[in-house]
Amino acid sequence: MEAAGPVDCHCHLAAPDFERDIEAVLKEAKKAKVLALVAVAEHSGEFEKIIQLSERYPGFVLPCLGVHPVQGIPPEEQCSVTLKDLDAALPLIELYKDRLLAIGEVGLDFTPRFASTDEQKQEQRQVLTKQIQLAKRLDLPLNVHSRSAGRPTISLLKEQGAERVLLHAFDGRPSVAMEGVKAGYFFSIPPSIIRSEQKQKLVKQLPLECMCLETDSPALGPEKQVRNEPKNIFIAAEYIAKMKGIPVEDVIEVTTQNALKLFPKLQKFLWK
C-alpha cells in the first residue's frame, strides 16, 4: 500500500510539556498529514498515559513502553537508571505487550553528569540487556537512545542479537553509525538537523534506505529551547531532501517504507 505521509518514529507525547494541549497538538499533526506517531516512554509513570492516548487515537498514536537510561523528571533530580526502575516497569510492559509497536525508549546514556562511574554504566548495560531480551521474547523492535554512547550501544545490541533497531537522534560519528548500518539498523533524524552540524554530517553519509524521520517532541526542534511538535517532521524531511538532492516526496516515501520494515505491526495498526 502506498504510504500517505511521514511517520514520526520517536516522540514523547506523555511529556509534561504537552499536558495542557495534547489534543490540539495531535490535531495539528493530523492536519499536516503526518501518518502516525510512535509514542515512546521514559519511565513506568508514563505508561498509562501512552496507552490511553493510543486508545483515544487508534492507528495514529502507536505505543512503545520501555525504561530510559536516565530517570527522574525535573532536571535537578535526573540520575542513571537502576535495575529497580526496570523491575517497577516490567509487569506493566507484560500487561500491555500485545498493544505495543516496540520496546522503547531504551538504551545507554554515558553523559558524565548521569553516568560518571563504571558501576552506573554497568547497571545501564544490564537494564538495556534485559530489555533487549524482552523485545526478542515478545518479537518487538527496539527504539533506542545512545547519547554519548554510540559505539557501546551498537556493540551491546549486536552482541545481544538485536535485529530490528531504531537508533534515534544518534549523536556519534558517521563511522560509528556505519557499524549500525552494517547490522541492518535504522537511524531516525529530527528537525534539529537544521542547526546540528553533527546530524548534517551523519545524513551526508547515511544511505536513505536506513533512515527514518522523528521529532523527539518536545525536544530537538528547529529552534533551541522552543517546544517541538510532531507537525515539524516535515522540516527534517525537507532538510534531508536538500542534502541528498532529491524531492522531499521521495524522502517521505522511503522513510515511511523503512518505518514499515522496522515496525512490522505498523501495517496492521494503520490499515485496520
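Predicted model: local features only at pLDDT ≥ 70, side-chain atom pairs only at ≥ 80, totals over all residues.

Visitor: Which residues of helix 6 are buried?

Guide: As a general idea, an α-helix has 3.6 residues a turn, so residues three or four places apart point the same way. Helices (H or I, at least four residues) and strands (E, at least two) are DSSP runs numbered from the N terminus, and buried means under 20% relative accessible area, exposed over 50% and partly exposed in between, with a 1.4 Å probe and protein chains only. In helix 6, which spans residues 174-182, Pro174, Val176, Ala177 and Gly180 are buried. These residues lie on the same side of helix 6 because they cover an arc of only 155 degrees around the axis, the arc being that of the directions from the helix axis to the C-beta atoms.

Visitor: What covers the buried residues of helix 6?

Guide: The cover includes helix 5 (150-159), strand 9 (186-189) and helix 7 (197-205). After helix 6 comes glycine 184, with a positive phi near 90 degrees.

Visitor: How many salt bridges does a search of the whole structure find?

Guide: Side chains of opposite charge can pair when their charged atoms come close. With a salt bridge defined as a side-chain nitrogen of Lys or Arg within 4 Å of a carboxyl oxygen of Asp or Glu, the search finds 13. One of them joins lysine 49 to glutamate 19, with the closest N and O atoms 3.4 Å apart. Lysine 49 is in helix 2 (residues 47-56) and glutamate 19 in the loop between strand 1 (7-11) and helix 1 (22-31), so this pair ties together parts 30 residues apart in sequence. Lysine 49 is partly exposed at 31% relative accessible area, whereas glutamate 19 is exposed at 55%.

Visitor: Where do glutamate 94 and arginine 137 lie?

Guide: These two form a salt bridge whose closest N and O atoms are 2.4 Å apart. Glutamate 94 is in helix 3 (residues 83-96) and arginine 137 in helix 4 (residues 118-138), so the pair links distant parts of the chain, 43 residues apart. Glutamate 94 is partly exposed at 28%, and arginine 137 is exposed at 54%.

Visitor: Which residues are linked in a network of salt bridges?

Guide: Asp21, Arg227 and Glu229 form such a network.

Definitions and conventions:
Residues numbered from 1 in each chain as written. Heavy atoms only, no water. Contact = heavy atoms within 4.5 Å.
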